[in-house]
4 protein chains.
Amino acid sequence: MASYGFLGLGIMGKAMALNLLKAGFDVTVWNRSPEACAELIEQGAKQGKSPKDVAAQCDITFAMVSDPEAAKAIALGENGVTKGIGEGRGYVDMSTVDDDTSKAIEAAIQTAGGRFLEAPVSGTKQPAIDGTLIILAAGDESLYQDALPCFEVMGKMAPYLGPIGQGANMKLVVNMVMGSMLTAFSEGMSLAQKSGLDANQLLEVLANGAMANPMFKVKGQMLLDDNYATSFPLKHMQKDMRLAIALGDKLDQPLPTAAAANELFKQARKEGCADQDIAAVYKVVK
Amino acid sequence: MASYGFLGLGIMGKAMALNLLKAGFDVTVWNRSPEACAELIEQGAKQGKSPKDVAAQCDITFAMVSDPEAAKAIALGENGVTKGIGEGRGYVDMSTVDDDTSKAIEAAIQTAGGRFLEAPVSGTKQPAIDGTLIILAAGDESLYQDALPCFEVMGKMAPYLGPIGQGANMKLVVNMVMGSMLTAFSEGMSLAQKSGLDANQLLEVLANGAMANPMFKVKGQMLLDDNYATSFPLKHMQKDMRLAIALGDKLDQPLPTAAAANELFKQARKEGCADQDIAAVYKVVK
Amino acid sequence: MASYGFLGLGIMGKAMALNLLKAGFDVTVWNRSPEACAELIEQGAKQGKSPKDVAAQCDITFAMVSDPEAAKAIALGENGVTKGIGEGRGYVDMSTVDDDTSKAIEAAIQTAGGRFLEAPVSGTKQPAIDGTLIILAAGDESLYQDALPCFEVMGKMAPYLGPIGQGANMKLVVNMVMGSMLTAFSEGMSLAQKSGLDANQLLEVLANGAMANPMFKVKGQMLLDDNYATSFPLKHMQKDMRLAIALGDKLDQPLPTAAAANELFKQARKEGCADQDIAAVYKVVK
Amino acid sequence: MASYGFLGLGIMGKAMALNLLKAGFDVTVWNRSPEACAELIEQGAKQGKSPKDVAAQCDITFAMVSDPEAAKAIALGENGVTKGIGEGRGYVDMSTVDDDTSKAIEAAIQTAGGRFLEAPVSGTKQPAIDGTLIILAAGDESLYQDALPCFEVMGKMAPYLGPIGQGANMKLVVNMVMGSMLTAFSEGMSLAQKSGLDANQLLEVLANGAMANPMFKVKGQMLLDDNYATSFPLKHMQKDMRLAIALGDKLDQPLPTAAAANELFKQARKEGCADQDIAAVYKVVK
């Protein structure tokens with residue numbers, strides 16, 4: 001039976017590793033603050049000593065950390081994955097990182113003889129717990145095939161998207177559409193109310209038409225409640241929109257709707273909503 | 001048993017009147033070119049002689065015609081509804097007309113002693129056939145209550161939205177959101193493909209996430225097939241966006257996302273796509 | 001020697017009529033509140049009894065009133081210009097009115113046998129006093145030729161722009177460019193200051209380059225002084241931008257820069273700047 | 001008498017060095033292809049052997065090269081400026097480079113004991129010949145004072161803008177305003193013509209009003225002639241707009257007008273106008 005490693009047990013990582021354990025997989029875990037491992041050890045996980053150690057022991061090692069710096073430290077640091085990974089072993093970084101980071105890690109893993117896959121996810125805490133993440137995999141295709149049983153446990157879909165970078169690109173495209181959709185929706189909600197319409201009726205009409213989607217339902221309720229409890233931080237959305245527009249710039253793709261929406265998210269950041277939920281863009285629209 | 005009239009048997013009107021008949025209602029029909037009545041007479045409808053005649057005979061008369069001119073002709077013309085409608089009878093105009101037309105018809109019907117409701121619909125041919133239109137009713141609330149059994153047969157929802165004008169306003173808001181969503185989606189589809197991503201995979205990812213909605217599915221396939229067969233003419237969408245933005249102007253509501261999207265629809269009109277489906281906005285985005 | 005009438009002696013009209021007098025022209029004046037005539041009578045003007053009376057006595061009658069309603073009252077009312085104007089006499093409306101008003105007045109004047117010219121002006125109080133207005137004339141070309149000596153006294157340029165409507169159209173185009181230029185400038189002023197640059201240095205650099213223009217100089221100082229004393233009311237600019245965009249809509253001309261700028265002016269109106277100077281758009285940009 | 005070096009004798013550099021010579025300064029020149037030095041030697045310049053050599057001999061050395069790579073090679077390369085510059089000598093880079101390049105060069109020059117100033121210019125060939133460039137200086141203020149006599153010969157203004165980076169920032173702000181002004185102007189020119197107005201009359205009206213500026217005059221004629229001969233390449237403008245918007249992003253400054261204008265420049269790049277003059281943005285507007 002294959003053995004799997006999991007590095008990084010934050011809110012997302014812990015839920016994902018737990019799903020691997022529940023599915024009966026052989027899992028070795030490691031986290032910077034070791035206490036985060038306790039719950040998983042109780043559920044049957046083995047304790048890894050370092051990223052190097054985990055990568056050396058397991059057929060495939062997954063990582064889920066919060067930013068590019070942490071991703072580089074875990075992969076390239078003194079006791080990092082590249083130091084332990086041997087010929088043919090696999091490393092799957094599920095963190096959301098930039099292109100340069102992803103390519104630097106890929107190069108180092110390949111130099112060390114390993115295989116590498118980037119697999120950023122779409123979805124937050126609840127989908128991580130429910131095993132319904134959308135996993136955007138790109139890089140070594142044989143590793144993708146080997147990791148698929150794990151992906152099936154952690155997510156509801158995990159398409160293989162091509163060479164390194166395409167996982168990140170897909171995420172940018174999806175979030176760019178989401179950001180524009182949210183400002184469009186916010187404008188509609190505000191226009192409806194200024195016209196004297198009942199916003200609940202607008203939500204109901206939208207929910208029954210061709211545009212019906214879970215986001216309008218969830219965010220619509222938040223707008224009505226003036227509740228911007230953070231599920232997806234606005235500053236991250238704005239960063240993704242900026243990067244998507246930069247990608248369009250590189251590829252000669254004008255994106256006027258996204259550019260207008262991006263300015264609204266910047267306005268919201270200016271008004272102090274950076275750490276609130278993306279729904280807070282409504283505050284500068286209304 | 002109440003009796004109902006139906007004026008205007010185009011693609012939409014015929015399907016709607018047929019649903020009333022199938023539900024067992026007593027229906028009298030009239031159409032400018034009388035041959036359009038044949039199929040409905042066969043199904044048990046009575047033949048009306050003129051809008052005046054239908055309005056005089058039926059408790060509630062519905063109308064579904066193609067533009068404000070036709071709506072005014074039917075309601076206010078020589079043998080129009082206002083000439084026949086008596087004290088307490090009802091007239092429900094389900095056509096999409098502008099505010100001024102709606103208010104002019106309301107005033108004339110009230111002067112004649114009748115009750116008036118505007119009830120424009122969201123949805124095209126298939127929902128009309130299936131009885132799954134979204135009916136946006138506004139005006140006389142007692143007439144709304146009386147017409148509800150018919151609305152339930154013709155549509156899947158028919159909220160009462162307030163005084164005359166609010167049916168039209170709701171439709172503008174909904175179409176404004178739709179237009180912005182469609183340009184946002186088009187930008188995402190094009191950016192994905194320029195990045196080397198597979199557009200089918202983008203559609204799949206979107207279909208599994210928080211933004212999943214029928215429109216992305218249907219229009220996404222059209223974009224991929226380069227098929228712009230008209231279901232909702234682009235020029236009508238652009239007109240609704242213009243009117244929604246004008247409404248925002250009147251109400252001090254900035255709408256930057258919608259304004260950017262509107263310019264793309266205008267660009268598409270400039271490029272000769274006025275009579276194609278709204279999906280043709282993709283041609284100026286890509 | 002030709003005789004001239006002047007109707008409407010507000011801030012603008014009084015200054016313009018005074019310039020005609022100073023140039024030695026024979027001028028008959030009329031104003032709704034007769035006391036406004038006193039200063040001009042002192043300077044040698046004759047007192048007219050009504051618009052009808054002035055139009056009947058003078059070869060060419062000019063009008064400068066504040067809005068379409070006043071323009072219609074003076075031209076079409078009981079003692080209006082159309083009642084007095086005879087075969088061949090001329091009427092020049094220098095007020096800023098909408099297309100429909102202009103066309104209605106033209107039709108009535110022509111029916112009465114007169115000739116009509118619309119000649120809205122670009123420029124405010126000081127240029128009116130200095131005789132440096134820009135006069136945008138359109139309509140009857142022979143009347144234009146006859147009025148030219150007066151235009152030369154009241155303005156620094158007075159191109160003939162074509163049939164009725166083109167004076168108003170030119171004004172919309174000019175104001176649309178001005179509005180976009182002002183939001184672009186405001187964005188630059190704010191970005192400079194947030195970058196730690198000295199805004200006075202930016203003004204100096206702009207004043208020495210290819211973009212050097214009087215507006216940046218004047219409005220730049222206003223922005224720095226946080227002084228929005230009204231020279232051109234923001235709500236009028238926003239109205240002109242709306243109308244210019246509507247004109248583009250009619251002519252299949254996308255105007256994305258103007259549309260984005262217009263949303264900023266709407267935002268400024270929303271924030272309570274409607275009656276302040278157009279420079280107040282800076283308050284929502286910074 | 002102070003001695004000056006000049007590195008880089010392209011179209012701009014040659015004109016600038018010639019102005020120093022004509023003003024009677026002691027100038028040593030160097031260029032990668034030595035033949036470019038001939039004309040200047042004839043006019044009295046001395047021939048330098050390398051950037052290192054020039055920097056070692058002269059009190060202040062100026063450089064004007066085409067891109068960041070060339071700027072780094074000249075400053076940091078084997079026979080670069082840093083190898084020759086001694087305690088207290090000065091180096092003024094007048095090339096347009098990015099922030100990182102400028103800071104890297106500053107650090108290396110300071111380590112070598114020298115003083116550094118960035119001084120990108122606004123203006124193209126003709127102003128370089130005429131000595132009417134706008135020089136945007138930032139960095140070592142004592143060096144700025146020492147270089148001022150030279151700046152006065154090469155340009156018409158040379159404000160000191162603060163620490164390294166502010167020269168580049170000022171240039172971005174200025175070009176951002178220029179780009180937005182140009183799309184606004186293009187929209188006005190096209191709307192005027194679609195309305196049936198004469199574009200020459202619009203140019204004349206603009207030339208006489210508060211917006212009168214040299215750019216409208218020059219570019220206006222180019223639009224009318226359908227002449228896009230490159231004076232300022234469109235792709236460089238689009239790059240500057242992208243960088244200005246990125247600067248705004250970093251500083252929480254929304255820039256909706258510039259963002260809309262930037263999308264038009266991207267559209268123009270997409271349509272193949274990257275190497276044409278910035279005026280070619282008109283081609284996607286009209």
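Helices (H or I, at least four residues) and strands (E, at least two) are DSSP runs, numbered from the N terminus. This is a predicted model in which local features need pLDDT of at least 70 and side-chain atom pairs count only at pLDDT 80 or more, while totals for chains, interfaces and linings use all residues. Residues are numbered from 1 along each chain as its sequence is written, chains are lettered from A and ligands numbered from 1 in the order in which they are written, and side-chain values use heavy atoms, with hydrogens and water left out.

**Helix 9 of chain D**
- Helix 9 of chain D covers residues 166-194, which makes 29 residues.
- From first C-alpha to last, helix 9 of chain D reaches 42 Å, close to the 42 Å expected at 1.5 Å a residue; the expected span is 1.5 Å times one less than the number of residues.
- Because 27 of its 29 residues are buried, helix 9 of chain D is largely enclosed by the rest of the structure. Buried means under 20% relative accessible area, exposed over 50%, and partly exposed in between (1.4 Å probe, protein chains only).
- D:G196, which follows helix 9 of chain D, has a positive phi, near 90 degrees.

**Residue C:E152**
- C:E152 lies in helix 8 (residues 141-154) of chain C.
- With a relative accessible area of 56%, C:E152 is exposed.
- A distance of 10.0 Å separates the C-alpha atoms of C:E152 and C:I134, which are 18 residues apart along the chain.

**Chain C with chain D**
- In this interface, 58 residues of chain C contact 58 residues of chain D (heavy atoms within 4.5 Å).
- About 4,900 Å² is buried between chain C and chain D, with 71% given by carbon and sulfur atoms. Buried area is the accessible area (1.4 Å probe) that two parts lose on being put together, summed over both.
- The elements giving two or more residues to the side of chain C that touches chain D include strand 10 (155-157) and helix 13 (256-270) of chain C.
- Helix 9 of chain C gives the largest share of that side, 19 residues.

**Chain A with chain B**
- Chain A and chain B each bring 58 residues to their contact.
- The area buried between chain A and chain B is about 4,900 Å², 71% of it on carbon and sulfur atoms.
- Zero salt bridges are found between chain A and chain B.

Terms used. A salt bridge is a side-chain nitrogen of Lys or Arg within 4 Å of a carboxyl oxygen of Asp or Glu.
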